Amino acid sequence: MKPVIALVGRPNVGKSTLFNRLTKTRDAIVADFAGLTRDRHYGDGRLGNQEFTVIDTGGFEPDSTTGIVKEMAKQTRQAVAEADAVVFVVDVRLGLSAQDSDIARYLRQASKRIFLCVNKAEGMSESPLLGEFHELGMGEPHPISASHGQGIRSLMEAVLAPFEFEDEEEGAEEQAPDGVIRLAVAGRPNVGKSTLINTWLGEERLVAFDMPGTTRDAISIPFERNGQKFELIDTAGLRRKGKVFEAVEKFSVVKTLQAIADANVVLLLLDATQGVSDQDAHIAGYILESGRAVVLAINKWDAIDSYQREILQRSIVQRLGFLKFAPIHNISAIKRQGIAPLWGAFADAYASAFRKMTTPVLTRLIQEAVEHQTPKRSGHFRPKLRYAHQGGMNPPLVIVHGNSLEGVTEVYKRYLEGRIRAHYKLVGTPMRIEMRSSKNPFSDKD
């Protein structure tokens with residue numbers, strides 16, 4: 001599981017610039033204006049083969065009690081609670097302030113691994129100005145320049161040193177199907193995740209137990225239904241109280257993203273009374289990006305009338321159209337309505353994600369597709385599709401070989417995907433098609 005690194009500090013010290021540098025994105029808005037970042041931002045970073053999650057936070061004032069500053073402090077506290085390590089960012093040009101000391105005092109009480117990062121120190125690695133930051137009692141300061149990219153590698157090597165990382169091959173082995181469906185329940189707070197999980201656990205009279213968790217208390221619950229083994233990866237904050245599971249609605253973005261990455265199948269739960277929100281669309285986008293099989297369930301379906309249902313269905317088509325391969329189920333977790341068919345949908349999505357496709361059949365499907373509709377010309381040449389084979393599972397990957405395939409359009413790829421899906425009856429799983437052109441042996445000759 002990826003370690004989580006939180007960036008914390010007072011306003012305008014360069015946290016968002018560092019976030020963008022670590023994630024190689026421009027997701028965090030950066031300007032020379034204090035207090036620009038208010039909510040937590042999440043991104044993925046990589047150092048060599050080591051992957052990690054970064055959280056960017058707003059300017060932190062631990063003792064704030066009113067207004068937006070109080071809310072920003074609450075967001076930062078949540079980020080620190082979620083993190084495995086904290087990078088405390090200060091500004092060498094502004095020097096040490098009373099606010100830095102307040103933040104240091106709070107971080108010491110948080111019992112996290114803290115790394116003091118002194119930003120805007122380009123060309124100042126030996127400067128005596130760094131000495132005053134020893135007063136914070138946070139260990140040796142790491143001088144960096146987020147805007148110039150200096151010192152960041154050595155900082156992250158120190159931050160990531162205690163974590164063990166799997167080789168890519170080992171990670172791939174974990175994805176091999178073993179008959180146990182790893183199921184994650186994802187969705188916004190208060191959509192009914194806890195109610196649904198408790199309904200499952202109570203209704204099926206399961207023997208459930210805690211498996212060893214991680215530093216972030218991710219809990220997996222093995223159970224079996226009609227001979228099919230499942231492993232529920234909790235995102236709702238399940239806790240065991242005696243022999244009874246008590247579900248606490250404790251929403252954590254990090255936990256949800258990690259649960260999705262660890263799962264084979266994700267149940268994306270929507271709230272019929274709230275419609276499809278931006279947060280629903282973001283979670284759905286991450287599921288698609290992760291290549292996970294997905295089933296959509298609309299909870300509280302019984303709480304809306306026929307007009308609202310029609311509006312909701314249109315909203316799903318418009319905002320979640322990229323998940324059109326996912327089956328949709330209308331349920332009421334609290335009334336236990338429509339829940340039974342979900343289990344079949346999970347099994348079908350899992351089977352589709354790990355479907356084996358033979359080279360002869362894939363090649364025949366590609367050739368039949370070309371006979372029915374040839375790809376458009378690209379320049380002087382028309383792409384020529386010769387054969388196809390399976391390149392991976394979870395999600396299924398089909399690799400097509402031929403000539404001039406860089407000219408194959410996205411529309412034509414979707415056409416090929418549709419024919420392959422129809423033949424193999426793939427439901428609930430995304431699918432990827434990769435084009436590989438043969439090398440022209442005369443390309444290097446005049």
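Trainee: Let's start with β12 and β13. How many bridges join them, and are they parallel or antiparallel?

Mentor: Seven bridges join β12 to β13, which spans residues 293-299, and the two strands run parallel. Keep in mind that this is a predicted model.

Trainee: Which residue is the bridge partner of L268 in β13?

Mentor: L268 is partnered with L296 there. To get from β12 to β13, the chain passes through helix α8, residues 278-290, and that β-α-β crossover is right-handed.

Trainee: And what does β12 do with β7?

Mentor: Strand β7, residues 180-186, pairs with β12 in the parallel sense over four bridges. V185 is the residue standing opposite L267 of β12.

Trainee: How many residues of β12 are buried?

Mentor: Seven of its seven, over residues 265-271, so the strand is mostly covered. V265, L267, L269 and D271 point one way, while V266, L268 and L270 point the other way, and all are buried.

Trainee: OK, switching to E231. Where is it, and is it buried or exposed?

Mentor: E231 is in strand β9, residues 228-233. Its relative accessibility is 14%, so it counts as buried.

Trainee: What does its side chain make a polar contact with?

Mentor: The side chain of R182, at 2.7 Å.

Trainee: There's also a six-strand open sheet. What's the strand order?

Mentor: The order is β2-β3-β1-β4-β5-β6, and the pairing is mixed. β2 (41-47) and β6 (142-143) stand at the edges with a single partner strand each, so one side of each has no neighbour in the sheet.

Trainee: How do β1 and β4 pair in there?

Mentor: In the parallel sense, over four bridges, with β1 covering residues 4-8 and β4 residues 85-91. I5 has A85 as its bridge partner in β4.

Trainee: Helices next. What span should α3 have, and what does the model give?

Mentor: Helix α3, residues 98-109, has twelve residues that should span 16 Å at 1.5 Å a residue. Its end C-alpha atoms are 17 Å apart, which agrees.

Trainee: Which of its residues are buried?

Mentor: D100, I103, A104, Y106 and L107. Looking down the axis of α3, they fall within an arc of 165°, so they line one face of the helix. A98 and Q109 are exposed on the other side.

Trainee: What happens at the ends of α3?

Mentor: S97 caps the N-terminal end, with a side-chain oxygen 3.3 Å from the backbone nitrogen of Q99. After the helix comes S111, which has a positive phi near 55°.

Trainee: How about α11, what does it reach end to end?

Mentor: α11, residues 359-372, has 14 residues and reaches 20 Å from its first C-alpha to its last, close to the 20 Å expected. Its buried residues are L362, T363, L365, I366 and A369. They cover an arc of only 160° around the axis, which puts them on the same side of α11.

Trainee: What covers them, and what's on the face turned away?

Mentor: The cover includes β15 (384-392), β16 (397-403) and α12 (410-424). The face turned away from the buried side carries the exposed residues P360, E371 and H372.

Trainee: Last one, the whole chain. How many helices and strands?

Mentor: Twelve helices and 17 strands. Of the 446 residues, 47% count as buried. Among contacts between residues at least 6 apart in sequence, 71% join residues at least 24 apart.

Terms used: Residues numbered from 1 in each chain as written. Predicted model: local features only at pLDDT ≥ 70, side-chain atom pairs only at ≥ 80, totals over all residues. Heavy atoms only, no water. Expected span 1.5 Å × (residues − 1). Buried < 20%, exposed > 50% of the residue type's maximum accessible area, 1.4 Å probe, protein only. Arc of directions from axis to C-beta. Contact = heavy atoms within 4.5 Å. Pairing = 2+ DSSP bridges. Right-handed = clockwise from strand over helix to strand, strands pointing away. Polar contact = N/O pair within 3.5 Å; in protein donor to acceptor, adjacent residues only side chain to side chain.
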